[in-house]
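I keep the notes in the order in which I looked.

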Amino acid sequence: MTSTIASRNPRNPRNPRQPATGRRLLFKALAAVSAAVTLASCANIATTTADAVYLGGKVITVDQRFSIAQAIAVKDGKFVAVGTSEEIRKYVGSGTRVVDLQGKTVIPGLMDSHSHMIGAGTAETTAQVIKAKTVADAQAIIADFIKSKKIPAGEWVQTSRWHPPSQLREQRYLTRQELDAVSPNNPLFVETVGHFAMANTKALQLAGISRTTQDPVGGKIFRDANGDATGVLEETAMDLVSNKIPKPSFDQLVTQLTAAQRIYNESGITSTVDAALTEEQIAAYFALAERGRSTVRTGVKWISRAATAAEFEQMLKRAKYKDNSGNDWVRLAGIKIVADGGMTLKSARVREAYADDAHNHGTLALDPEAYKQSVVLANRYGWRVGTHAVGDAAVDLVLDAYAAADKQKSIMGGRFIVIHGSLMTKDQIVRAKQLGVRVDAQNIFMWDKAATVERYMGPVLANRAVPSRWLLDTLGVEGTAAGTDNPVNILNPFVGLYVMVTRKDPNGKVYGADQALTREEALRLYTNAGPYYTFEEKKKGSIEAGKFADMVVLSADYLSVPDAQIKDIKPLQTIVDGKVVYDAAARSL
């Protein structure tokens, strides 16, 4: 691509002590020097060559004017020129790679503002129950995984994340007896979307869970009529089992991350925020970058599981990293705390009870007072907080805590975050704006889970769930963005764009038509908006000279295909830092 290097003329301050005649002579001399420098610079521009140029396409720059160009020049991992094909041909030299786009559409690299990318790399090491449609399917997948991988008796077995209430015909979780039937000799931990999990008898025994085990703070051990554990665990109760599972080695984490980033690149994603990581997992991200193998720019969010404010403060004092430290590949993006569950789990903390359960207001996954104290402490120690809060009652708690922290030390400009905010009200969004708080929501929850939301919460809440229109109109692209929460939801960003534009589920049913966005707005949330999360809005998010050369070549024109075809668009190439990291044609060979 061709790159242009802007020339700079030296600034020459006047010497006020010089006589007028001397000053005039000096100005003439400086003018001659300046002219010579300008000519030399122009000559330099004329002979500067790009590493690669892309010609003859439709380049949706997503700059401030939403400009459409034909060609791009790239050098040293950055865009250096954007314009017509004729203009960009000037930067072609003997060593330039010239790509004929043949009219194809190019967009900036996409950013998923909330995901769990590290989990995407476990496809080969976990039973992929994400494919199950019935309880029997899930049992068969687990049994086949144990058999095909020849897992020795006594070794832990884990599954992919999935969503039984929405995914399975039976619309329920599996019992420990059903899990025992397919994993009689191995402890089995079946995680769902991060708030519920299932465990078989061997796993429960290893965790020491019996009839006398008390529910931990912020969690629940589900029991049958006899008081025995059913195998279903909620929130912090999951930790009783998961803490017994041997952790992967550091090298295994790095390998897992490499596989995960490849999967994200295939989807056209060049940046993300991995939203719940231990310090060791964060270290693996940095190691991958140091080895020159990163292909997704990642904001890494440290996860807190401290039960008390005192524990939280000790964690801050021992912190290995500082917020916002890092580089162009890995950057700390605050601390995550979980306040409640999810809409489709009937555990989002809501003001009004669930439509099908008059006494259920959802769950708080923490002690409210300890949480508020922790937020104040994080702010005092220089950390911003991102809180998982789905229900409106949980959001009330979060905004109160952020306001309390703000009274001690302003959080304005700190970009504290409400993560998800799926059921936020208009007044809460206005309050978030007043505090300078971001709200990062994921429309794709309303793709394959909308019917479950409606079943649990009723049509009114289902139609205002994930209020994109309100969020964008109030917070702007600086204060919200698009993401998936993958692997809780599918990763495909084009399905996400489709849902934002149409508000349709797979059956074509519209949920919340008044919350729909234009195609331009939706694309901005997947490109311009996310970089504000990591304070990198001047470095990426659009195709402009000086920004990272991260972009995607598409199979169809996002701006002109019928609405129904937006979800079917595929990346043909993904380019990160000026390098092709995914090529559909090469993969098909």
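Predicted model: local features only at pLDDT ≥ 70, side-chain atom pairs only at ≥ 80, totals over all residues.

I looked up the strand order and found an open sheet of eight strands, ordered 8-14-15-16-17-18-19-20, with parallel pairing. I then asked which strands stand at the edges. They are strand 8 (110-115) and strand 20 (480-481), and each has a single partner strand, so one side of each is left without a neighbour in the sheet.

I followed strand 14 (residues 269-277) and strand 15 (residues 297-303), which run parallel and are joined by five bridges. On strand 15, R297 is the residue that S271 stands opposite.

Entry three, helices across the strands. I noted that helix 11 (residues 309-317) lies across strand 15 and strand 16 (330-338), and that helix 11 runs at about 170° to strand 16.

How do helix 14 (residues 426-435) and helix 17 (residues 468-475) cross? Their axes come within 10 Å and cross at roughly 30°, which makes helix 14 roughly parallel to helix 17. I recorded the crossing as right-handed. Helix 14 makes the contact through K426, I429, V430 and K433, and helix 17 through W470, L471, T474 and L475. Sorted by class, this contact has five nonpolar residues, one polar residue and two charged residues.

Notes:
Residues numbered from 1 in each chain as written. Heavy atoms only, no water. Pairing = 2+ DSSP bridges. Helix = DSSP H or I, 4+ residues; strand = E, 2+ residues; numbered from the N terminus. Contact = heavy atoms within 4.5 Å. Axes fitted to C-alpha atoms, helices over the stretch in contact; angles between N-to-C directions. Parallel < 35°, antiparallel > 145°, perpendicular 65-115°, else oblique. Left-handed = near helix turned anticlockwise from the far one by under 90°. Nonpolar A, V, L, I, M, F, W, Y, C, P; charged D, E, K, R; others polar.
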